[in-house]
Amino acid sequence: MEIQQNRRRFFLLWGGEMISGIGSGLTSFGLTVYVFQLTGSANATALISLAAFLPTLLGSVPAGWLADRFDRRLLMMLGDGLSALGIVYIWFCLNQGQVSLWQICLGVFISSLFSALLEPAFKATITDLLTPEDYAKASGLVSLASSTRYLISPLLAGWLLVHGGIELILLLDALTFFPTVLCAAFIRQKVSSPVSSDESSHHFMEDLKESWKILQKQPGLLHLLELTACLTFFMGVIQVLCQPFILDQASSTTLAWIETVSAMGMLVSGLYLGVKGIASHYAAVLSGSLFVAGLAMVLFGFSSGVYLAITGFIFFACLPFANTALDYLVRLRVEDKMQGRIWGLVGFISQLGYVLAYGLSGLGADALAGLFHCSVGQGSGYLIVISGILCALIAVVVYQIRSIRSLETEPASLIGESI
């Protein structure tokens, strides 16, 4: 009975996160189009992505530590609720006149800084609520919820930009943060965080060293995260440059349709994984899905028109499989009371590539456009193709490393026992 109740609580929390994701997708799409139309620079749109991601990365380790030391549901409430402040700040600046790029970056940074509290607590809460048999399906459903920001948000944001403007989008986004707050508040009354009083006095640096020792004791896990950091760099390139690439040859309305059709790939995969999950061969699934994603990036960089949507669909369809496999390999080998801090450290290492991609890809696209006397969109396409090739090559390397394959075959010692 308790297992069924916890599953229902997971679905409640999952629904709140999906609504919040739709709101975040509205702002992400709206601000990207607004800034690109204002500046005509791929680097300007990349700066927005960097401002959104950098605080999430830097805050992931402290947020993970907090998720193990304090109430996880309370952290989710604070993270999602206070993140609305940054969005409201941008809205206020817009209503004072034409907003500058640094003001948009500051508002996005503030919002993401508070949102950083959310992810480790949310991932650890999944472990609190579900059994290992449900992990793969839960990860698929989380990917499904993530797809809504690409599936629903672009079309809705495109319509709102025409009929209500960027100001209305920002207000709607601010309102969507609160369903997660309400859902987390309800679950907080029913489920307590697994934090023991004798651990609450530990210091952050001590716990950080302890978490690092945990990863060092499993070389396969550490190698997997190192390679994932390289892969996130290449995948970050397409995330930053796909919109300038498409806007160079089509309107914002066409961009919305392409993003929506592409995101259907994530929807289909998320639905499949939410029902079927993955039974075995997680390392092979991870390597194979990332290899196909790399090939899709190459084709995307050479595409135009309807082929952009087709290759985008394939790329997004691969992501839930890769995320589910990675999620399972990590979650299975970490005991519950250490989930928060390990997920924080895992997030920091594996997503370092995104920071480099967000910081360098826009500059690279602008530089290539100047060097070859082509448009910014064409320069973006060249970088997407190069990144896709390298992504596919590293995906092959992932499966060649024995210690990574052994993560799912060798007995998983309960980590933390001899540290």
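N95 sits in helix α4, which covers residues 84-95. This is a predicted model, where local features need pLDDT of at least 70, side-chain atom pairs count only at pLDDT 80 or more, and totals for chains, interfaces and linings use all residues. Residues are numbered from 1 along each chain as its sequence is written, and side-chain values use heavy atoms, with hydrogens and water left out. Here's a tour, from the whole chain down to single residues.

**The whole chain**

- The secondary structure comes to 19 helices and zero strands. Helices (H or I, at least four residues) and strands (E, at least two) are DSSP runs, numbered from the N terminus.
- Of the chain's 419 residues, 56% count as buried. Buried means under 20% relative accessible area, exposed means over 50%, and partly exposed is in between (1.4 Å probe, protein chains only).
- Take the contacts in the chain with a separation of 6 or more: residues 24 or more positions apart account for 88% of them. A contact here means heavy atoms within 4.5 Å.

**Helix α14 against helix α18**

- Two packed helices are described by the angle between their axes and the distance between the axes.
- The axes of α14 (residues 282-301) and α18 (residues 376-400) come within 7 Å and cross at roughly 165 degrees. That makes α14 roughly antiparallel to α18.
- Axes are lines fitted to C-alpha atoms, for helices over the stretch in contact, and angles run from 0 to 180 degrees between N-to-C directions. Angles under 35 degrees count as roughly parallel, over 145 as roughly antiparallel, 65 to 115 as roughly perpendicular and the rest as oblique.
- The crossing of α14 past α18 is left-handed, meaning the near helix is turned anticlockwise from the far one by less than a right angle (clockwise would be right-handed).
- On the α14 side, the contact residues include L286, L290, F291 and M297, and on the α18 side they include I384, V385, I389 and Y399.
- Sorted by class, the residues of the contact between α14 and α18 are 18 nonpolar, six polar and no charged. Ala, Val, Leu, Ile, Met, Phe, Trp, Tyr, Cys and Pro count as nonpolar, Asp, Glu, Lys and Arg as charged, and the others, Gly among them, as polar.

**Helix α12 against helix α14**

- Helix α12 (residues 219-247) and α14 have axes that come within 11 Å and cross at roughly 25 degrees. That makes α12 roughly parallel to α14.
- α12 also passes α14 in a left-handed crossing.
- Among the α12 residues that meet α14 are L224, L231, F234 and M235, while the α14 partners include L286, L290, A293 and M297.
- This contact of α12 with α14 has 13 nonpolar, one polar and no charged residues.

**Aromatic rings**

- Searching the whole structure turns up six aromatic pairs. Rings of Phe, Tyr and Trp (its six-membered ring) pair if their centres lie within 6.5 Å; planes under 30 degrees apart count as stacked, over 60 as edge-to-face and the rest as tilted.
- One of them joins F10 and F11, edge-to-face, at 5.6 Å centre to centre and with 65 degrees between the planes.
- F10 counts as buried at 3% relative accessibility, whereas F11 is partly exposed at 44%.
- F233 and F234 have ring centres 5.4 Å apart and planes at 75 degrees, so this pair is edge-to-face.
- F233 is partly exposed, with a relative accessible area of 24%, but F234 is buried at 10%.
- Ring pairs also link F10, F11 and W14 into a cluster.

**Single residues worth a look**

- Back to N95: it is partly exposed, with a relative accessible area of 45%. N95 and E167 are 72 residues apart in sequence and 7.9 Å apart in space, C-alpha to C-alpha.
- I110 belongs to helix α5 (residues 101-115) and is partly exposed at 26%.
- G81 is in helix α3 (residues 72-82) and is buried, with a relative accessible area of 17%. Not counting residues up to four places away in sequence, G81 touches F178 and V181.
- V99 lies in the loop between α4 and α5 and is buried at 3%. Leaving aside neighbours within four places in sequence, V99 is in contact with Y34, L38, C93, L94 and I104.
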